[in-house]
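What follows is a walk through the strands and the chain contacts of one model. Please keep the sequence and the 3D view at hand while reading.

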Amino acid sequence: MKNLLTAVVELGAWALRRRRRFRVTGASMEPTIAPETFVLVKPMDRMQRAVHAGDLVVAAHPLKSIEICKRAASVGADGSVELLSDNPDAGQDSRHFGPVASSSIRGVVSFVLARPS
Amino acid sequence: MTFSYRLLAAFDRVVSAPVADAHCDGPCGVYDPSSARIAAEAVLSMTKKIGDIDMSAPGAHNTYIRFVAIKEEQAEITKRELNILWHDYFKPNHLEAYPDLHTTFWNATKQASACKTAVDVGACEELMSQIEAIHNMFWESKGREVPWYTAS
C-alpha cells in the first residue's frame, strides 16, 4: 500500500513537472538499478537540502556530454561529490574521473521503477 | 508497479526519456585477456611463417609482404587489447594487490612493439609469456580460476 501511495505521489509530482524522468541504461548500478529502469529525479533547485552521501543521483559526466546515474559516495568539504557505481566492475566513475562539482548534479533519484520481470 | 512502469513506458514511446548512463564505457565490464592472447599468437605464427618462406619460390615476395602486413596489424591489435585491459579494466585499487601492474603492462606493450618491428620468434615467445602473466593476474583479480591455454 505504501508502495502504491509512493508511486501515485511520485508520478503525480512528475505530471506536475516537479520530477525529471530518465531511462537508465547499463549495468553499473546493479543490483539497485537494472538496465532499462525508469527513474524519477528531483531536480536540485527543488531539493530542500544538498546531496548527501548515499543518495542516488543523476549527474553530468565531467568529460563527456552525457548524463550518468551513480551513487553519491561522499561529499567533500568544498561541496564536490564522489560518484561511485554500485557494481564497480561495470562502470566508470570518480575512481576514473575524480569527484565532480556539485553544480554537475542534476538531481536526486526519488523513485525507481524497474522493468517488470 | 507493473502498471506504473507500463504508464511510463507508454509515455516514453511518445516522448522518450533522456538516458542516464550507468556504464559510460560500452559493453558493461566485458573484458577478457584472450583477445590480446589471440592477436599475440597470430604475431608469433606470422613471424615463424616469414622465416619459413622460400624466397626463391614464385610469388615469394608477395607472400612475404602479406605476412609482414598481417604481423604488423596483429601486433597493433595486441597493443590495443592490452591497453583496454590496462586502462579500462584495472582500477587504482588493483595496484594494492598487484604493485607491478603498470610495469607488467608497460613491458608487455613495449614487447608487442618489439615484435612488430623485428622478425624475432624469441621476442614473440616472450610476449606470450607476458600475456600469460596478465591472464593469471586478470582472472585472479576476478576471483576465478581460468587455466591458460593457446589456440595453436
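Two strands count as paired if DSSP finds at least two bridges between them. Strands themselves are DSSP runs of at least two residues, numbered from the N terminus. With these terms, take one such pair in this predicted model: S74(A) stands opposite E82(A) in β5(A).

That position belongs to the pairing of β4(A) with β5(A), strand β5 of chain A covering residues 81–84. The two strands run antiparallel and are joined by four bridges. They form a hairpin with five residues between the strands, and in this hairpin G79(A) takes a positive phi near 90°.

Strand β4 of chain A, residues 67–75, also has β3(A) as a partner. Strand β3 of chain A spans residues 56–60, and five bridges join β3(A) to β4(A) in the antiparallel sense. Here A60(A) stands opposite E67(A) in β4(A). β3(A) and β4(A) form a hairpin as well, with six residues between them.

Which strand of chain B pairs with β4(A)? The partner is β1(B), and the two pair in the parallel sense over two bridges. Within this pairing, D21(B) in β1(B) is the bridge partner of I68(A).

β1(B) has a further partner in chain A, namely β1(A). These two strands run parallel and are joined by three bridges, and V24(A) stands opposite A20(B) in β1(B). Strand β1 of chain A, residues 20–25, is in turn joined by five bridges to strand β2 of chain A, residues 37–43. β1(A) and β2(A) run antiparallel, with F22(A) opposite V39(A) in β2(A).

How many residues of chain B are in contact with chain A? There are 19, and they are in contact with 29 residues of chain A. On the side of chain B that touches chain A, α1 (2–14) and β1 (19–21) of chain B each supply at least two residues. The largest share, five residues, comes from α1(B). By type, the residues on this side of chain B divide into 11 nonpolar, four polar and four charged.

Terms used
Residues are numbered from 1 along each chain as its sequence is written. Chains are lettered from A and ligands numbered from 1 in the order in which they are written. This is a predicted model: local features need pLDDT of at least 70, side-chain atom pairs count only at pLDDT 80 or more; totals for chains, interfaces and linings use all residues. Two residues are in contact if their C-beta atoms, placed from the backbone, lie within 7 Å. Ala, Val, Leu, Ile, Met, Phe, Trp, Tyr, Cys and Pro count as nonpolar, Asp, Glu, Lys and Arg as charged, and the others, Gly among them, as polar.
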